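Me: I would like to go through this structure step by step. Could you put it up, please?
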Amino acid sequence: MLQKYSYSPKLRTGAVVRDIPVTDAPLPYFSLEDGVFSYRMSDDACVYGLGESVRGINKRGWIYEGWCSDDPFHTEDKRSLYGAHNFLLIDGADRFGVFFDYPTRITFDVGYSDPSLLTVTPGKMNLDVYIITGGSLKDIVREFRSLIGKSYIPPLFAFGYGQSRWGYVTEQDITAVADNHEKAGIPLDMIYLDIDYMDSFKDFTVNRERYPDFEGFVKRMRSRGFHLIPIIDAAVKREEGYSVYDEGHEKGFFCTDENGEDYVVGVWPGMSCLPDFLDPEASAWFGEKYRVLTDAGIDGFWNDMNEPALFYSEKALSAAFHDIKGYEGKTLDALSYFSARDVFTRLSNSQKDYESFFHNAPEGRFVHSDVHNLYGYKMTESAMNALKKLRPDEPTLLFSRASYIGAHRSGGIWTGDNHSWWSHILQSLQQMPGLNMCGFLYTGSDIGGFNGACTRDLLLRWLSFAIFTPLMRNHCAIGNRSQEATAFGDTEAFRHIIELRYRLIPYLYGEFLKAAENDEMYFRPLSFDYEDDPAAREIADQLMVGDRLMIAPVYTQNAGGRNIYLPEDMNLIRMSAGEITCEPVSQGRHYVSVPLGDVVFFSKGKLPLADPAKNTASLDFDRLTYIG
Ligand code: MIG
């Protein structure tokens with residue numbers, strides 16, 4: 001059963017697609033006092049959900065915030081990451097799902113202040129609350145997903161392997177990636193273009209020194225089997241004579257300050273303006289700009305910096321230069337030195353800036369801080385609405401960094417700037433079910449880690465997990481050690497693992513399509529499939545993938561294997577040096593040896609395997625063998 005409770009929302013977020021009449025019945029489970037929703041959890045209750053966040057699959061014991069944040073340190077003490085996914089699924093004495101449709105900062109204290117209390121605090125009482133009850137955990141998720149609408153389905157090539165790096169600058173850099181993978185026989189479908197392909201970081205431009213014949217280059221790479229996937233940033237450089245800026249400025253399509261002047265912020269291109277994605281006309285205008293790249297043969301994009309991330313604002317920066325003068329010539333003690341240093345560091349993503357610019361939504365004018373979590377979502381929607389018109393015959397690959405529930409209909413997301421840390425393999429695994437609950441099926445993390453130095457063993461283990469994530473992209477930040485599958489000398493082990501991904505695509509893509517069509521989860525915690533098994537409830541480092549597969553990846557350094565739990569008898573499938581074997585394993589706990597370079601997973605029934613292929617286009621879906 002699905003019930004809607006309404007507390008004077010000020011605008012339609014667009015998260016839900018079904019019109020549900022507001023019920024007169026009192027809100028169940030929660031008491032509501034002074035703008036705080038409280039629910040007393042039974043001792044055994046698990047709390048699932050909250051999409052992209054830190055910590056375990058069971059969210060109990062920590063405090064989270066729905067607040068889209070550009071934060072490149074995904075440590076346990078954080079409360080929010082790039083997405084705001086306000087859905088919880090409680091499974092204890094009561095079983096229910098609850099969605100808080102609220103466009104700005106909201107706090108979820110899941111037994112952090114009081115171990116048995118769940119409290120949810122929106123800043124203002126302008127929201128809708130949906131409560132879903134009845135049936136299994138899977139039934140509740142299905143009902144929620146039918147409320148928020150169908151998940152985005154990417155083209156088949158998006159299930160291939162992608163190589164990315166901030167720091168590939170020229171056409172030659174991209175060609176070298178293609179050559180190296182070809183030479184090593186490592187399958188590859190996508191090569192990503194980060195901000196350096198642009199002219200001075202201006203959206204919808206191409207640096208013609210670095211790509212003298214961009215259109216020809218895109219075509220040549222396509223004929224070799226590679227899709228080039230450029231990045232688009234949210235903010236538009238303020239530069240007279242740059243048509244995107246000129247048009248946006250003239251038509252009033254940028255966010256404005258309290259006086260109606262364009263609000264100017266510093267991001268990669270320097271002083272820039274923020275397209276007002278909440279204004280339907282501005283949204284349609286920005287989306288149409290992707291044409292420059294689709295006309296050049298581009299069929300996929302990633303949207304970045306759309307929390308929106310702000311390094312500083314023009315106003316705050318000039319105030320900071322004024323403030324810093326006050327310190328000059330003085331003898332600073334430690335505290336005043338630190339406050340001097342903070343004059344600049346505190347400028348980034350500041351609440352004060354978010355409170356200083358405005359949107360023109362259909363419902364009226366809103367200060368950004370009241371609608372913050374919709375920005376990335378509406379950018380994704382702007383892009384996909386246009387891409388459906390620009391490329392009507394084929395789906396376009398699209399994923400975003402920031403998101404809100406609703407964005408899952410228009411694109412996927414990646415999980416942002418993680419690190420080359422072993423703990424981040426596990427974190428990525430633990431984020432997947434929560435994201436899937438909220439409709440984000442096309443998702444994955446930066447394989448090998450974005451910041452920090454990746455090692456050969458880390459990349460092998462990370463890939464062994466990530467061959468199961470729909471988005472499978474190796475990406476890292478500028479200045480780091482190279483971490484391509486071709487960067488660590490011997491490439492054989494990498495080739496075998498990535499080849500296995502391609503062999504599994506008929507199963508993985510098939511299960512993905514089923515999950516999207518039937519409003520189901522592609523990745524599930526074991527407890528969703530084995531509700532009556534108390535041991536399954538505690539497993540936080542294994543996942544079900546589709547109907548018939550279970551993964552239990554190794555995520556610790558120098559481990560030669562790991563402990564696993566089988567909720568029922570299954571087949572252990574092992575890929576070792578390209579050879580695939582299968583043996584039955586009985587229900588219960590086991591230690592499984594997984595030498596570096598081997599991949600081990602489990603099946604319940606037959607799995608189709610394609611022949612090895614160098615890319616998705618050459619996969620033969622008619623010639624399958626079966627294993628398990
Ligand atoms: O401030 O475009 O998360 O994937 O490589 C950093 C450069 C901006 C952040 C993205 C990352 C991308 C990087 N971007």
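Me: How far is an oxygen atom of the ligand from an N or O atom in the side chain of Trp 268?
Reply: The distance from a ligand oxygen to an N or O atom in the Trp 268 side chain is 3.1 Å. The model is predicted: local features need pLDDT of at least 70, side-chain atom pairs count only at pLDDT 80 or more, and totals for chains, interfaces and linings use all residues. Residues are numbered from 1 along each chain as its sequence is written, and side-chain values use heavy atoms, with hydrogens and water left out.

Me: And what about Asp 194?
Reply: A side-chain N or O atom of Asp 194 lies 2.5 Å from an oxygen atom of the ligand. For Asp 417, the corresponding distance is 2.5 Å. The protein covers 95% of the 350 Å² of accessible area that the ligand has on its own (Shrake-Rupley method, 1.4 Å probe).

Me: How many residues surround the ligand?
Reply: There are 14, counting residues with a heavy atom within 4 Å of the ligand. The closest are Asp 194, Asp 304, Arg 401, Asp 417 and His 475.

Me: Which classes make up that shell?
Reply: It has nine nonpolar, one polar and four charged residues. Ala, Val, Leu, Ile, Met, Phe, Trp, Tyr, Cys and Pro count as nonpolar, Asp, Glu, Lys and Arg as charged, and the others, Gly among them, as polar.

Me: New topic: which residues of helix H3 are buried?
Reply: In H3 (residues 214–223), Phe 214, Gly 216, Phe 217, Val 218 and Met 221 are buried, with buried meaning under 20% relative accessible area (1.4 Å probe, protein chains only). Helices here are DSSP runs of H or I with at least four residues, strands are runs of E with at least two, and both are numbered from the N terminus.

Me: What covers them?
Reply: The cover includes helix H2 (171–184), strand E13 (190–193), strand E14 (227–233) and helix H6 (291–294), where contact means heavy atoms within 4.5 Å.

Me: On to sheets: what is the order of the open sheet of four strands?
Reply: The order is E15-E17-E16-E19, with antiparallel pairing; two strands pair if DSSP finds at least two bridges between them. Strands E15 (236–237) and E19 (312–313) are at the edges with a single partner strand each, so one side of each has no neighbour in the sheet.

Me: How many bridges join E16 to E17?
Reply: Four bridges join E16 (residues 264–267) to E17 (residues 270–273), and Val 267 has Gly 270 as its bridge partner.

Conventions: A polar contact is a pair of N or O atoms within 3.5 Å; within protein, one must be able to donate a hydrogen and the other to accept it, and residues adjacent in sequence count only if both atoms are side-chain atoms. Buried means under 20% relative accessible area, exposed over 50%, partly exposed in between (1.4 Å probe, protein chains only).
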